[in-house]
Structures are given as structure tokens and as C-alpha cells.
Amino acid sequence: NAGVTQTPKFQVLKTGQSMTLQCAQDMNHNSMYWYRQDPGMGLRLIYYSASEGTTDKGEVPNGYNVSRLNKREFSLRLESAAPSQTSVYFCASKAFGMGDTQYFGPGTRLTVL
Amino acid sequence: RKEVEQDPGPFNVPEGATVAFNCTYSNSASQSFFWYRQDCRKEPKLLMSVYSSGNEDGRFTAQLNRASQYISLLIRDSKLSDSATYLCVVSPFSGGYNKLIFGAGTRLAVHP
């Protein structure tokens, strides 16, 4: 049982390049989330998927797109990377129901030059 | 104003000390409350949920004051391994989907 996995662990992009961050969970969770973490800002929600087949914007969705490929996988795409997107990206998942904790992946450290 | 505010610290304490972290939240409709722990360059992990009656887990005690919109975490007998950043996390009522609002975190450094 691997929990939540993310790939890649590290990535350096040039401004304007595109990439997709991959996330998968093996806990049969319904909800999945993408966050970014910047110094002094706390984690901020980019997009979430409450259940398979649905996605919604979070607090900071601009410049990102997501795909809930199936119940296990939730990917985050940067179409045209900008230096402001330099951050650590965390994927998380949660079982259905209020109060259940979110489980986080190990993160992807992205630098955009 | 941030939705969840924490003192960023760092709190530098000796082993064995008792240390308390505070957190305030702005949304009075918030329903669920948590403390997460984040080690350097690692993912956040749930430390404990916070209940209205207060709750304890070993050396850790969490308290919630809904009237003042205030959450606290007390760590007794600090260990070197407690060194980490502690994130205060709040969730508004949102049915089955659980949106979490994170504070920026309070850093704790426990020294010998």
C-alpha cells in the first residue's frame, strides 16, 4: 500500500514550457486535491476533484488545468510555465465524509527559470 | 486578513520544555479543525484532530474555543524529534468534500 505517489520529485522548466504532474492513490479515496506551498503562505488549493468525473477550481487555479483520469489518478498540467509557478506541489486524497483526514503525497519541487 | 493565522516562530526550546502554539481562524462557520505536522522538505501529516471538548494524545493536547475562534496545541516534555513545522488547519462545512484551509505554520526547534 503506497498511499499517495507523485511524479516527478523534482523538475526545472524554462518559462513557457509545459508539463504534467502526476498523482496516484491506492486507498480507494473519492476526493483528490492539488496544493501549492510557498514560503510564508501555507498550502493553497489549486484544484480538487470531489469524486471521479468531477473537478473544481480552488483558491489559485490560474495557469493550471487538471484531469481526473480515473478514481486513482489526478494530474495537474502547466500549459505555459511562469516563474511565479515555482513552488512545491502536493497532491492529497481523502475518503468520503466530513472529518476524514487528507493524505498527502511526497511533493514535487518545481523551479521555473 | 488570512483565514487562518499562526505565529510563524521559530520557537526554540530545550528538551523537556512545554510549548504552546496558538492559531486563530476567521470563518465562524468552520466545522472541523486539525493540527498537521510537516517535517523539513516533507509532506504534511495529520497530528491530531481538534474537538470542541479538547483532546489529548500522549504529550499533545489540543483545545478549541469556538467563541474566540481560537485553536491551541500544547506539547509537553518536548523531544528532539518534535522539531518540525506545525500547521493549523480548518475546514468549513462542505458535505462529503472536505476543503482544508491551512495556516502558514509555526516552526518548532527543540535543542539538547
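**Cysteines and disulfides**

Modeller: Start with B:Cys40: this residue is exposed, at 68% relative accessible area. Keep in mind that this is a predicted model.

Colleague: OK. How many disulfides does the structure hold over all chains?

Modeller: Two.

Colleague: Take chain A. Which residue does A:Cys23 pair with in a disulfide?

Modeller: A:Cys91, with an S to S distance of 1.8 Å. A:Cys23 sits in strand β3 (residues 19–25) of chain A and A:Cys91 in strand β9 (residues 87–94), so the link ties together parts 68 residues apart in sequence.

Colleague: Left-handed or right-handed, that bond between A:Cys23 and A:Cys91?

Modeller: Left-handed, because the torsion about the S-S bond is about -75°.

Colleague: And is A:Cys23 buried or exposed?

Modeller: Buried. The cut-off is under 20% relative accessible area, and A:Cys23 has 3% relative accessibility. A:Cys91 is buried too, at 0%.

Colleague: Switching to chain B. What is the S to S distance between B:Cys23 and B:Cys88?

Modeller: 2.0 Å, and the two are joined by a disulfide. Distant parts of the chain are linked here: B:Cys23 is in strand β3 (residues 19–25) of chain B, B:Cys88 in strand β9 (residues 84–92), 65 residues apart.

Colleague: What about the handedness of the link of B:Cys23 and B:Cys88?

Modeller: Left-handed, with -75° about the S-S bond.

Colleague: Last one. Is B:Cys88 buried or exposed?

Modeller: Buried, with a relative accessible area of 0%.

Notes
Residues are numbered from 1 along each chain as its sequence is written. Chains are lettered from A and ligands numbered from 1 in the order in which they are written. This is a predicted model: local features need pLDDT of at least 70, side-chain atom pairs count only at pLDDT 80 or more; totals for chains, interfaces and linings use all residues. Side-chain values use heavy atoms; hydrogens and water are left out. A disulfide is a pair of cysteine sulfur atoms within 2.5 Å. Helices (H or I, at least four residues) and strands (E, at least two) are DSSP runs, numbered from the N terminus. Buried means under 20% relative accessible area, exposed over 50%, partly exposed in between (1.4 Å probe, protein chains only).
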